[in-house]
Amino acid sequence: MSRREIERGLETGDLPARPSAGPAGEARADEEATAASFLDAVGLATDADAPRPEGSVTLLTLHASQGLEFSAVWIAGLEEGFLPHAQSGSDEDEIEEERRLLYVGMTRARDELSLSFCRRRLLYGETHRRSASRFLSEIPDSALVEIEIE
């Protein structure tokens, strides 16, 4: 689905049908157009892998980075409660999924990877002390260059 079709659908309410795979994997266009199918298609439509001008910046989630590659990648917020997310709790399967997502993000970098965290963060109008993500301690010290900024 093209960006133009998505924009037209949002403006007019005319939701295009989303093709789905048939029994042998061939596309079927007979799926009824619903708000849910349209939102599914919109969620999959991204221009992150479209050609970008030299020196441009692409901001995206770890989920959206799968399959893409960049010369430089910056991953911010490597703090307990953010990555892994606080809602992961102590569920090992959820922690492992968060670890996998970080790995996906890290492997998007061809030449340069920067990981960052902060010791204090302003959240909801209050300053909170933060601790580095446990995932950082899993990276060998020989692969890291630590830079502290006050």
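A salt bridge here is a side-chain nitrogen of Lys or Arg within 4 Å of a carboxyl oxygen of Asp or Glu. These legends describe a predicted model, in which local features need pLDDT of at least 70, side-chain atom pairs count only at pLDDT 80 or more, and totals for chains, interfaces and linings use all residues. Residues are numbered from 1 along each chain as its sequence is written, and side-chain values use heavy atoms, with hydrogens and water left out.

**View 1**
Helices (H or I, at least four residues) and strands (E, at least two) are DSSP runs, numbered from the N terminus. From that end, the elements follow the order α-β-β-α-β-α-β-β-β. The protein chain has 150 residues, and 22% of them are buried. Buried means under 20% relative accessible area, exposed means over 50%, and partly exposed lies in between (1.4 Å probe, protein chains only). Eight salt bridges are counted by the rule above.

**View 2. Glu-80 and Arg-134 form a salt bridge.**
The N to O distance between the two side chains is 2.7 Å. Glu-80 is in the loop between β3 and α3, while Arg-134 is in the segment after β6. The pair links distant parts of the chain, 54 residues apart. How exposed is Glu-80? Glu-80 is partly exposed, with a relative accessible area of 23%. Arg-134 is also partly exposed, at 33%.

**View 3. Glu-79 meets Arg-121 in a salt bridge.**
Here the N to O distance is 2.5 Å. Glu-79 lies in the loop between β3 and α3 and Arg-121 in strand β5, so the pair ties together parts that are 42 residues apart in sequence. Glu-79 is buried, with a relative accessible area of 0%. Arg-121 is partly exposed, at 24%.

**View 4. Glu-79 also meets Arg-130 in a salt bridge.**
This contact spans 2.9 Å, N to O. Arg-130 lies in the segment after β6 and Glu-79 in the loop between β3 and α3, so their pairing ties together parts that are 51 residues apart in sequence. Are Glu-79 and Arg-130 buried or exposed? Both are buried.

**View 5. Strands β5 and β6 make a hairpin.**
Strand β5 covers residues 120-123. Strand β6 covers residues 126-129. The two strands pair in the antiparallel sense over four bridges. (Two strands pair if DSSP finds at least two bridges between them.) Which residue of β6 is the bridge partner of Arg-121? The partner is His-128. In a regular strand the side chains alternate between the two faces of the sheet.

**View 6. Tyr-124 sits in the hairpin turn.**
Two residues separate β5 and β6. Tyr-124 belongs to the loop between these strands. Its phi is near 55°, a positive value in a residue other than glycine. Tyr-124 is exposed, with a relative accessible area of 83%.

**View 7. A cis peptide bond joins Leu-83 and Pro-84.**
Omega is about 10° at this bond. Pro-84 lies in the loop between β3 and α3.

**View 8. Ser-133 is buried.**
Its relative accessible area is 2%. Ser-133 lies in the segment after β6. How far apart are Ser-133 and Gly-77 in space? Their C-alpha atoms are 8.5 Å apart, although 56 residues separate the pair in sequence.

**View 9. Four acidic residues form a negative surface patch.**
The members are Asp-91, Glu-92, Asp-93 and Glu-94. Patches are made of residues with over 30% relative accessible area and no salt bridge; like charges are joined within 9 Å, and nonpolar side chains (Val, Leu, Ile, Met, Phe, Trp, Tyr) within 5 Å. Asp-91 is in the loop between β3 (70-75) and α3 (92-106). Asp-91 is partly exposed, with a relative accessible area of 35%.

**View 10. Val-145, Ile-147 and Ile-149 make a nonpolar surface patch.**
Accessible areas come from the Shrake-Rupley method with a 1.4 Å probe; for residues, only the protein chains shown count as cover. Ile-147 lies in the segment after β6. Why does Ile-147 count as exposed? Its relative accessibility is 68%, and exposed means over 50%.

Conventions: Charge placed at Lys NZ, Arg CZ, Asp CG, Glu CD. Pairing = 2+ DSSP bridges.
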